Amino acid sequence: ATRAKHGTVVARLTRIMAHSLATAGATYAGAALTGRRAPAGRVAVRGSSLKVRAADATAEFDPRTFRRELSKSGKYNRKFLKDEESAKKMEDDGIGYSESGLVAKMRENGNVHVDGDVTFKLAEAYGFCWGVERAVQMAYEAKKQFPDANLWITNEIIHNPTVNDRLGDMGVQFIEETADGKDFSGCKEGEVVILPAFGASVHEMKLLNDKGVNIVDTTCPWVSKVWNAVDAHTRKEFTSIIHGKWAHEETIATASFAKTYLVVKDMKEAQYVCDYVLEGGDREEFLAKFKNAYSEGFDPDTDLGALGIANQTTMLKGETEAIGKLLEKTMMQKHGVDKLNDHYMVMDTICDATQERQDAMYALVDDKPDMMLVVGGFNSSNTSHLQEISEDASIPSFWVDTYARLDADTNTITHRLAHGELVETKDWLPAGKVTIGVTSGASTPDKVVEDVIDVIMATKKKMSGAPAR
């Protein structure tokens, strides 16, 4: 189930480490927690620059050093075993890569399937990406490796309800998020905690390490690459400009590895930042505009002098590139071409899988199908961008998360628009011949797509009076 987001990014981070600090006898300070000790079993954190005072010593928490130490511990694992039995069980459970179903047959037939009046055209790149498939299979492998242990996961493994429900059926427990933060009190020493594909904040990792649990880290390597980028920004004392959505779990995790950061959602927000760099402006207006989206103590008058760009891996590739070029141009205007390297740095953090699916969607749009079917979790950022591409091309597009959104008896579909509105459309399938473009988000199993297509074919047969198969 989708879990609510609470407060600002800082507030989210501020709720992540108090348990580990409190039990260590440490003190902490934070805008919302000054002078308070967090309830046992709750977590609270300030950010990567958190000052921890313990045993009469002051040390600055360093995410990179901690990650390196964690990777050497005997209770941390991020190895993908590629276990064939686990992969087979995933397919049997309907959350793997289709080897024999309709999607597999479409791949063998030029990504096309014809059923009566309906022609389905499948995008060249779609569905489960390698990082997502790896994460889910690692969760299955963990269940096999620790058959008798209590298994927990810090969030949804991926943004797909079918997959998360299946893990729940297997006995994997989801850490509850409350108004006070995530409640890790149920996790006991020696139990197993899985970190999801989009990662977890470094402070959650520290908390879990302090509790003595076995950590199975399924974080996608592309997400880890972004963390390395913001760490490089921190080392050079640059501010990280993160192209993403401030409340998205991946961006929250990425921000935890940065010392100073600002999250920009789109080109419009990036232009506002660049205008401020070049011309100055109203500081309070800036802070109000980006409320929830910057590090504690961020000051646009002093923290925009040296910038590095990073991105949430599921954002539109073209927009990330455009924001990067805009920042580069701005810093050249402000400081001169010869000083650019002192004020701007860029590392390639665009995810190949996201790029491939978006490129394939553009190609599918160019084929001009009569309508588009987009299948993926409603809280999936990468799926929302696939829907956005279709909407921008003015092609009728229907984004659903499961087959249950379609009613074959009434030819009705409940679907989501790119920017979040859930709508119901009656008589959505037209009579006669129709060509439907099909794609799915990077967190969507092939079986979910097949189930949706089955309902579409059943709907058309009911419309024609033919018996549904």
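How many helices and strands does the secondary structure of the protein chain come to? The count is 17 helices and 21 strands. Both are DSSP runs, numbered from the N terminus: helices are H or I with at least four residues, strands are E with at least two. The model is predicted, so local features need pLDDT of at least 70 and side-chain atom pairs count only at pLDDT 80 or more, while totals for chains, interfaces and linings use all residues. Residues are numbered from 1 along each chain as its sequence is written, and side-chain values use heavy atoms, with hydrogens and water left out.

The protein chain has 469 residues, of which 57% count as buried. Buried means under 20% relative accessible area, exposed means over 50%, and partly exposed lies in between (1.4 Å probe, protein chains only). The chain exposes about 19900 Å². Carbon and sulfur atoms supply 48% of that area. Accessible areas come from the Shrake-Rupley method with a 1.4 Å probe; for residues, only the protein chains shown count as cover. Contact means heavy atoms within 4.5 Å. Among contacts with a separation of 6 or more, 70% join residues 24 or more positions apart.

Two pockets were examined. A pocket is defined on a 1 Å grid over the protein atoms alone, as an open set of points with protein on both sides within 12 Å along at least five of seven lines; the probe is 1.4 Å, and lining residues have an atom within 4 Å of a point. Grid points are joined across faces, edges and corners, and a volume is the space filled by probe spheres set on the points. The largest pocket has a volume of about 580 Å³. It is lined by 24 residues, and K245, S381, S384, A418 and H419 are the closest to its centre. Helix α16 (381-392) gives the largest share of this lining, 4 residues. The lining holds 6 nonpolar, 10 polar and 8 charged residues. Here Ala, Val, Leu, Ile, Met, Phe, Trp, Tyr, Cys and Pro count as nonpolar, Asp, Glu, Lys and Arg as charged, and the others, Gly among them, as polar.

The second largest pocket holds about 320 Å³ of space. Its lining has 24 residues, with C129, V132, T313, T314 and A442 nearest the centre. Elements giving two or more residues to this lining are α6 (130-145), α9 (221-235), α15 (352-366) and α16. Of these, α15 gives the most, with 4 residues. The lining of the second largest pocket divides into 12 nonpolar, 9 polar and 3 charged residues.

Helix α3 (residues 63-71) has the buried residues P63, F66 and L70. These lie on the same side of α3 because they cover an arc of only 65° around the axis. The arc is that of the directions from the helix axis to the C-beta atoms. Packing partners of the buried residues of α3 are β3 (76-77), α8 (202-211), β11 (214-217) and α10 (249-256). Exposed R68 and E69 sit on the face turned away from the buried side of α3.

Several individual positions are buried. Q387 is found in helix α16 and has 0% relative accessibility. Beyond neighbours within four places in sequence, Q387 is in contact with V374, S397, F398, W399, R416, L417 and A418. I436, in strand β21 (residues 434-440), is also buried, at 0% relative accessibility. Residues up to four places away aside, I436 touches V118, T119, F120, K121, P369, M371, L373, L429 and I456. I436 and L373 are 63 residues apart along the chain, yet their C-alpha atoms are separated by 6.7 Å. T154 occupies the loop between β6 (151-153) and α7 (161-169). Its relative accessible area is 1%, so T154 is buried. Outside four places in sequence, the contacts of T154 include I175, K182, F184 and V193.

Other loop positions complete the picture. D282 lies between α11 (267-279) and α12 and is partly exposed, with a relative accessible area of 44%. D282 and P300 are 18 residues apart in sequence and 9.5 Å apart in space, C-alpha to C-alpha. N292 has a positive phi of about 85°, although it is not a glycine. S394 also has a positive phi, near 60°, and is a residue other than glycine. S394 lies in the loop between α16 and β17 (397-400). With a relative accessible area of 66%, S394 is exposed.
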